[in-house]
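Please examine the sequence and the structure shown below. The report that follows is written for a reader new to such models.

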Amino acid sequence: MLEIKDLHASVGGTEILKGLTLTIEPGEVHAIMGPNGSGKSTLSYVLAGRDGYEVTGGRIIYEGEDLTDLDPEERAAKGVFLAFQYPVEIPGVPNSTFLKESVNAVRRYNGEDELDAIKFMKMLRGKTKELGMSDDMLKRAVNVGFSGGEKKRNEVLQMAVLEPKLAILDETDSGLDIDALKIVADGVNALRSPERSSLVITHYQRLLDYIVPDKVHVLAHGKIQRTGGKELALELEKNGYADFVGEAA
Amino acid sequence: MPATAETVDQVETIAGDKYKYGFVTDIESDMAPKGLSEDIVRFISAKKNEPEWLLEYRLKAYRRWLEMPEPKWAKVDFPQIDYQQYHYYAAPKSDDDGPQSLDEVDPKLLETYEKLGIPLREQELLAGVKNVAVDYVFDSVSVATTFKKKLEEVGVIFCPISEALERCPDLVRKYMGSVVPMSDNKHACLNAAVFTDGSFVYIPPGVKCPMELSTYFRINEMNTGQFERTLIIADKGSYVSYLEGCTAPMRDENQLHAAVVELIALDDAEIKYSTVQNWYPGDEDGKGGIYNFVTKRGACRGKNSKISWTQVETGSAITWKYPSCILQGDNSVGEFYSIAITNNAQQADTGTKMIHLGKNTTSRIISKGISAGKSDQTYRGLVKISPKAVDARNYTQCDSLLIGDKCGAHTVPYIESRNKGAIVEHEATTSTISEDQLFYLRQRGIPEEAAVALVVNGFCREVLQQLPMEFAVEAQKLVGISLEGSVG
């Protein structure tokens with residue numbers, strides 16, 4: 001589903017990704033771990049198409065298509081979803097309004113009928129209930145005054161609503177307590193299917209107890225340094241990143 | 001009765017092109033020759049069969065106008081207006097007596113209203129926009145007034161000023177010019193001399209007007225300034241909600257719009273005045289477009305009276321207006337909710353004045369200014385608390401949003417408090433649409449311009465919620481349309 005070949009990317013003139021190669025098949029969950037500054041967030045922004053993140057070499061093929069030509073909204077409409085590490089606030093825009101705009105924008109792009117207000121709210125309330133969240137969150141402005149945990153849960157709600165093919169979770173577990181972590185993990189796991197893939201970016205192994213990965217990669221110095229199974233995560237937990245930080249770039 | 005959050009969200013939006021109302025009706029107008037002189041003033045008065053006192057009023061205003069200096073203090077830049085270049089009267093060719101029924105109205109005119117989306121027939125109005133009575137002002141003459149019967153049943157008078165002069169001349173004479181005297185400013189003075197028509201509303205004591213009253217305007221002929229004059233009187237214990245919405249065709253010449261709106265609320269009365277304005281704003285380089293120099297003022301004469309101004313201003317090349325409230329009656333309340341959007345090369349210097357005179361008066365100002373393109377916008381507000389205004393309270397919040405790096409937003413708040421017990425609060429913010437916000441929305445599939453519109457509508461939410469539902473929908477769509485081309 002996703003093929004990244006020797007990707008080089010810069011931010012503000014500084015090269016952060018220095019030849020990253022990674023392949024994700026449909027149905028797989030991959031974890032990316034690594035020390036600070038290794039390029040984890042950069043990878044997620046490059047995949048999502050954020051301005052200011054320049055691809056200077058290599059290729060990103062998503063479902064057979066070169067992703068680098070597409071705008072962020074086009075990538076989203078094709079099923080790429082980024083759960084942000086620090087979700088931004090959008091004052092005055094109710095969560096439900098935002099979600100409806102989003103869902104219908106994607107449907108429009110894909111030539112589908114838009115959902116009217118009633119159908120949409122019915123669908124939305126269903127998802128909210130499944131995730132154990134209160135309706136109250138739907139009326140509040142997007143992320144305004146949300147606690148860290150609420151923001152992450154809002155990301156999971158959006159994911160549940162948009163049902164992306166490729167979900168990139170950028171340090172979704174940061175700042176969460178165990179209970180919130182479980183809710184997030186449940187949400188992600190509920191979407192697992194042979195057609196969907198996830199890229200879970202995390203610092204800590206803990207999340208991977210709940211979202212069990214098929215493959216674990218260590219990202220350091222802008223490249224994937226090692227790939228393994230879920231045991232690799234436990235090994236990193238025990239030994240830290242010292243081995244990788246010391247390695248020559 | 002403001003729209004609730006859910007209602008605003010769930011109402012379907014109107015399909016709108018960039019400037020859908022840009023067209024001209026091809027009707028021969030009965031126009032006065034260009035220029036302004038005492039003769040033209042007499043011509044106008046004669047054409048409308050006005051009483052002697054009104055002609056005298058006009059002439060007095062005209063003579064005064066000749067002596068008054070042009071106000072130059074606003075932060076707007078435009079070439080000196082050549083007043084002699086305009087026609088000051090234009091009426092569509094119809095029977096001199098005016099149409100008795102819709103069948104007598106020029107069919108081209110009716111077609112114009114169809115294009116504007118106004119179904120003229122009462123049945124269509126009942127089926128479509130519920131319970132909204134419409135008084136159409138086509139250029140300088142009111143063509144049709146509907147829903148007369150319903151309003152007459154409760155004693156509400158809603159008609160053109162020209163008609164009010166026949167039906168209730170004493171009321172007109174008593175109140176016209178009492179809130180905005182001709183000496184107020186040069187543009188109001190001009191209006192007093194050459195005003196052609198406008199709405200007159202009188203709500204009898206204790207009556208809550210059963211429907212929202214509305215007016216549509218059009219400037220059709222080249223060089224015809226629109227000088228309408230509106231007078232609304234809410235007698236004791238009454239309530240009225242009035243909607244003013246404007247569209248204008250695309251023109252190359254600047255068109256002058258110097259209207260005057262006077263509101264009077266007596267004891268326990270309330271007037272809610274809402275405006276959605278999208279006059280032609282000029283092209284991307286600032287060529288053409290309407291000059292909107294309007295004087296709007298409400299007098300809370302009675303105890304416990306209340307006047308609210310709600311406006312969404314997105315058009316005009318130059319906007320110069322300060323809807324204000326004079327809080328004379330004890331416990332009276334004045335409110336001003338505003339969204340002003342300027343794009344391309346538009347200029348706006350707008351705000352409000354809240355004058356606290358009585359005891360225990362309250363005023364509330366929420367101003368949202370959005371600047372984009374190369375436009376320039378100034379909020380200018382005055383909160384004035386007189387020495388005898390005991391226990392006065394004001395809350396002002398003015399927020400500016402800048403889109404792009406070539407526009408300007410300025411705030412000029414004046415606070416004059418001469419009473420020690422007054423509580424005056426002022427908050428101001430200036431922000432831009434953050435790149436983070438736009439990226440977040442785009443990552444959820446929302447295209448860039450729609451993302452900007454969403455963020456801006458969120459920014460304006462508090463004001464949008466004050467609008468009657470019919471207008472809230474148009475306003476939200478208008479916000480999106482007026483910001484087109486502002487990103488990228």
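## Basis of the model

This is a predicted model, in which local features need pLDDT of at least 70, side-chain atom pairs count only at pLDDT 80 or more, and totals for chains, interfaces and linings use all residues. Residues are numbered from 1 along each chain as its sequence is written, while chains are lettered from A and ligands numbered from 1 in the order in which they are written.

## Chain A

Chain A contains 10 helices and 12 strands; helices (H or I, at least four residues) and strands (E, at least two) are DSSP runs, numbered from the N terminus. Its C-alpha trace spans about 55 × 40 × 35 Å along the principal axes.

For 249 residues, a compact globule would have a radius of gyration near 18 Å, and the 18 Å of chain A agrees. This radius is taken over C-alpha atoms, and the globule rule is 2.2 Å times the number of residues to the power 0.38.

## The contact between the chains

Chain A gives 25 residues to the contact and chain B gives 20 residues; two residues are in contact if their C-beta atoms, placed from the backbone, lie within 7 Å. On the side of chain A, α2 (72-77), β7 (90-94) and α3 (95-109) each give two or more residues. The largest share, seven residues, comes from α3(A).

## Residue E70(B)

E70(B) lies in the loop between α3 (52-67) and β2 (90-92) of chain B. E70(B) is exposed because 9 other C-beta atoms lie within 10 Å, where exposed means 12 or fewer, buried 20 or more, and partly exposed in between, with C-beta atoms placed from the backbone.
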